[in-house]
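The sequence and the structure come first.

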Amino acid sequence: MRLLLFTGKGGVGKTTSAAATAARVASRGGKVLVVSTDPAHSLADALGAPLDARPREVAVSDGVVLHAAEVHTRALVDDAWRELRGHLRTLLHGAGVDEVAAEELTALPGVEDLLALSEVHRLADSGLWDAVIVDCGPTAETLRLLALPESAAGYLERLFPAHRRAVRGLLAGLAGSDQVGRWDAAADALGRLAERLTGLRDLLTAETTSARLVLTPEAVVAAETRRALTALALQQIRVDGLVANRVVPDPGSARGAAAEWLRTRRREQQRVLDSVREGTELPLRLVEHRAAEPVGSAALAALGAELYGDDDPLAPRGTAPELRVSGGGRDLDAVYRLEIALPLHRDAELDLARIGDELAIAVDGRRRLIALPAVLRRCEVVSAEAGDDGVTVAFKPDPELWMR
């Protein structure tokens with residue numbers, strides 16, 4: 001099953017691009033679901049069909065259909081989160097946390113986004129479709145969404161650092177044997193949440209999952225796209241291509257003020273597109289500005305045909321940024337290098353810090369903790385370099401740790 005995520009700065013046409021891609025996949029005989037997690041929910045408007053949380057058929061042409069849905073997070077919060085939050089309060093209260101603090105601690109940041117992503121996972125896991133195409137929110141919201149499974153797992157780990165059975169045993173002992181059933185149910189719920197977060201993280205980093213960034217040929221939008229490429233690489237999420245929307249048509253040899261305006265605007269757009277191509281090897285597909293909005297499945301199918309031609313809309317799948325350890329030596333003279341493939345734009349603000357057995361990498365204010373390979377946990381950082389290919393961090397054995 002192929003999972004394809006569309007995002008971009010607000011207003012660049014990501015919903016239209018996602019819907020057009022779904023229409024093209026359906027036209028080529030694929031079973032496809034396009035689903036919106038964007039709170040603005042403009043997918044129904046783009047398709048010209050009413051949608052709700054349940055996938056429904058939308059006709060593309062005679063005998064060709066796609067399925068579409070819009071995730072409504074409020075209902076998910078009411079249905080799925082209320083019970084789990086009650087279990088978490090039980091665990092915290094049993095561990096000695098007062099009721100007011102327990103209430104605040106269980107207000108998990110971003111829970112609505114997390115549940116939306118979990119719903120996408122459920123739909124993708126159903127096996128009903130060859131591909132699930134997701135119309136995500138604007139770039140900033142999407143980056144936060146995609147980082148949530150890992151950050152939420154860290155949140156829970158800090159709240160309950162021991163294994164589920166250890167937590168269960170500790171709290172049961174504190175509460176007495178008459179409370180064992182309650183703690184057992186709460187610990188089971190916590191374990192299910194941890195498994196769900198792991199499943200979401202695995203889904204996002206799977207070889208069959210990738211993101212596709214939509215932009216317009218404007219300097220501000222292109223700059224945000226470059227930052228998004230770095231942020232997605234930081235999360236180990238593949239990006240398989242870019243879509244440049246609303247490219248001004250070439251007026252050819254036409255004369256007049258209007259034709260001259262088009263030529264001037266196209267030259268400006270071309271400079272932006274050239275700068276985007278210089279910063280990445282990803283394929284960049286162009287969509288010319290249309291006189292009429294591509295609304296409705298027929299118009300979207302035509303747009304999808306222009307966008308992909310004879311190519312498979314679901315390929316290529318992209319390559320995940322790599323983490324590689326090289327080097328070595330004899331005992332304390334060893335030198336190791338941790339190479340992190342991370343596309344850094346020209347003005348990227350990079351910060352590194354060693355935190356226990358993890359390396360904290362922050363780029364433009366977005367941070368990720370990377371668990372160090374076993375060989376590096378007994379080493380200390382001696383230097384770091386950033387280049388076009390990413391970041392290289394050098395380690396040498398820490399004498400105190402190495403001899404243990």
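The text below describes a predicted model, beginning with the sheet and then turning to the cores.

**Sheet**

An open sheet is built from three strands, ordered β11-β12-β13, with antiparallel pairing. Strands β11 and β13 sit at the edges, and each of them pairs on one side only. From one strand to the next, the twist averages 20 degrees. The residue ranges are as follows.

| Strand | Residues |
|---|---|
| β11 | 350–355 |
| β12 | 358–363 |
| β13 | 366–371 |

Strands β12 and β13 run antiparallel and are joined by six bridges. Ala360 has Leu369 in β13 as its bridge partner. Helix α9, which covers residues 219–234, lies across β12 and β13. The angle between helix α9 and β13 is about 25 degrees.

**Nonpolar cores**

In soluble globular proteins, nonpolar side chains tend to be buried together. The largest nonpolar core in this model holds 77 residues. Which of its residues touch the most other members? They are Val35, Leu47, Leu66 and Ile133. Helix α1 (residues 14–27) supplies the largest share of this core, namely seven residues.

How values were computed
Residues numbered from 1 in each chain as written. Predicted model: local features only at pLDDT ≥ 70, side-chain atom pairs only at ≥ 80, totals over all residues. Heavy atoms only, no water. Pairing = 2+ DSSP bridges. Helix = DSSP H or I, 4+ residues; strand = E, 2+ residues; numbered from the N terminus. Axes fitted to C-alpha atoms, helices over the stretch in contact; angles between N-to-C directions. Contact = heavy atoms within 4.5 Å. Core = buried A, V, L, I, M, F, W, Y, C linked by side-chain atoms within 4.5 Å. Buried < 20%, exposed > 50% of the residue type's maximum accessible area, 1.4 Å probe, protein only.
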